[in-house]
Amino acid sequence: MIRTAGAQGVSAPQAGSATATSENAVLLTVFLRHDQSRPLSELNAQLARQGFYKQFPPPGVEVVSWNVVMGVGQIVTLRFPANRIREVNRVLEDTAWGPYRTEFYPTYDYKSVGIAEHEKAQ
């Protein structure tokens, strides 16, 4: 059965209630590239006005890592159920745009496979 998306409203999506499991979890790496044409104090003030740190990350979304990369901005990796991707995206659209340009990279955990392949090759 093919499902089609209905019209998208302007209201924010409802928070997902599912818990991330190995069957439904996705990792999302988010690049928050800061606007280098503006001073940091101005960027931080805009983030505060837009409620960035109040709303991001949404409740129940696991922060796997959150790093500052000099000359780039911040790189955040999140883990959450796949059905919450719209919610996460919407929070960033509403609170991060302006001070940051956002880039998104969905990923998955490959560590155990990579290590097993390395050990097998030894």
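**Aromatic rings and strands**

Tyr100 counts as buried, because its relative accessibility is 7% and buried means under 20% relative accessible area, exposed over 50%, partly exposed in between, with a 1.4 Å probe and protein chains only. Before I go on: this is a predicted model, where local features need pLDDT of at least 70, side-chain atom pairs count only at pLDDT 80 or more, and totals for chains, interfaces and linings use all residues. Residues are numbered from 1 along each chain as its sequence is written, and side-chain values use heavy atoms, with hydrogens and water left out.

Rings of Phe, Tyr and Trp (its six-membered ring) pair if their centres lie within 6.5 Å; planes under 30 degrees apart are stacked, over 60 edge-to-face, the rest tilted. That rule gives 6 aromatic pairs. In one of them, Phe52 and Tyr100 have ring centres 6.0 Å apart and planes at 55 degrees, so the pair is tilted. Phe52 lies in helix α2 (residues 52–55) and Tyr100 in strand β4, 48 residues apart; helices (H or I, at least four residues) and strands (E, at least two) are DSSP runs, numbered from the N terminus. Phe52 is buried too, at 0%.

Which residues form the aromatic cluster? They are Phe52, Tyr53, Phe56, Trp66 and Tyr100.

Now the strands, which pair if DSSP finds at least two bridges between them. Strand β4 (residues 100–107) runs antiparallel to β1, joined by 8 bridges, and Leu28 has Pro106 as its bridge partner there. Strand β1 (residues 25–34) also pairs with β3 (residues 73–81), antiparallel, over 9 bridges. Ala25 is opposite Pro81 in β3.
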